[in-house]
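Good morning, and thank you for coming. I would ask you to look at the sequence and the structure together while I speak.

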Amino acid sequence: MSNQQIDAHLVAEKAKIKRPKLYKVMLLNDDYTPMEFVVMILQKFFSMSGEQATQVMLKVHRDGFGVCGIFVKDVATTKLELVAGFSREHQHPLQCTMEEV
């Protein structure tokens, strides 16, 4: 194979690779989960600072939902499972959902 053929082959291979779909993970408001717990979730599972977590928590409280982050599908699914499990362990009905970006 010549260098031109190799280059053409590499370009063709690169064209086949697609970026993975991204999903936004959102927390949903409820009337029972304490605001402090929501802030803790955002810090623990989404690596937010106290200030960032408070801003997202207030958005959840005011608007009914707030975006926690944007991730590939596997990471988003794992975040949902972690938040749901941790919330259940602490007897809170906090719900988390994801939506394709």
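I shall go from the overall fold to one helix, then to the core, and finally to several individual residues.

This is a predicted model, in which local features need pLDDT of at least 70 and side-chain atom pairs count only at pLDDT 80 or more, while totals for chains, interfaces and linings use all residues. Residues are numbered from 1 along each chain as its sequence is written, and side-chain values use heavy atoms, with hydrogens and water left out.

Let me begin with the fold. The protein chain has four helices and three strands, and from the N terminus on these elements follow the order α-β-α-α-β-α-β. Helices (H or I, at least four residues) and strands (E, at least two) are DSSP runs, numbered from the N terminus.

How are the strands joined? Strands count as paired if DSSP finds at least two bridges between them. β1 and β2 run antiparallel and are joined by seven bridges; here Y23 stands opposite F71 in β2. β1 and β3 are also antiparallel, with six bridges, and K24 stands opposite E99 in β3.

Next, some totals. Of the 101 residues of the protein chain, 31% count as buried. Buried means under 20% relative accessible area, exposed over 50%, and partly exposed in between, with a 1.4 Å probe and protein chains only. The chain exposes about 7200 Å², of which carbon and sulfur atoms supply 54%; accessible areas come from the Shrake-Rupley method with a 1.4 Å probe, and for residues only the protein chains shown count as cover. Among the contacts with a separation of 6 or more, 73% come from residues 24 or more positions apart. Contact means heavy atoms within 4.5 Å.

I turn now to helix α2. It covers residues 35-46, has 12 residues, and reaches 16 Å from its first C-alpha to its last, close to the 16 Å expected at 1.5 Å a residue. That expected span is 1.5 Å times one less than the number of residues.

Which residues of α2 are buried? They are F37, V38, V39, I41, L42, F45 and F46. These buried residues pack against β1 (22-28), α3 (50-63), β2 (65-72) and α4 (73-89). As a general point, an α-helix has 3.6 residues a turn, so residues three or four places apart point the same way.

A nonpolar core is a set of buried Ala, Val, Leu, Ile, Met, Phe, Trp, Tyr and Cys residues joined through side-chain atoms within 4.5 Å. The largest such core has 23 residues, and V25, L27, I41, L42, F46 and V83 touch the most other members. The elements that give two or more residues to this core are β1, α2, α3, β2 and α4, and α2 gives the most, with seven residues. Leaving out residues up to four places away in sequence, I41 touches L27, F46, V83, F86, S87 and L94.

S87 brings us to helix α4, where this residue is placed. S87 counts as buried because its relative accessibility is 1%. A polar atom of the S87 side chain lies 2.8 Å from the backbone oxygen of V83. A polar contact is a pair of N or O atoms within 3.5 Å; within protein, one must be able to donate a hydrogen and the other to accept it, and residues adjacent in sequence count only if both atoms are side-chain atoms. Apart from neighbours within four places in sequence, S87 is in contact with F37, I41, H92 and L94.

L82 also lies in helix α4. At 41% relative accessibility, L82 counts as partly exposed. L82 and F45 are 37 residues apart in sequence, yet 7.6 Å apart in space, C-alpha to C-alpha.

T33 is in the loop between β1 and α2 and counts as buried, at 11% relative accessibility. The T33 side chain reaches the backbone nitrogen of L94 at 3.4 Å.

Most residues other than glycine have a negative phi. S47, in the loop between α2 and α3, has a positive phi, near 55°, and is exposed at 65% relative accessibility. Q91, in the loop between α4 and β3 (95-100), has a positive phi near 60° and is exposed, with a relative accessible area of 71%.

Thank you for your attention.
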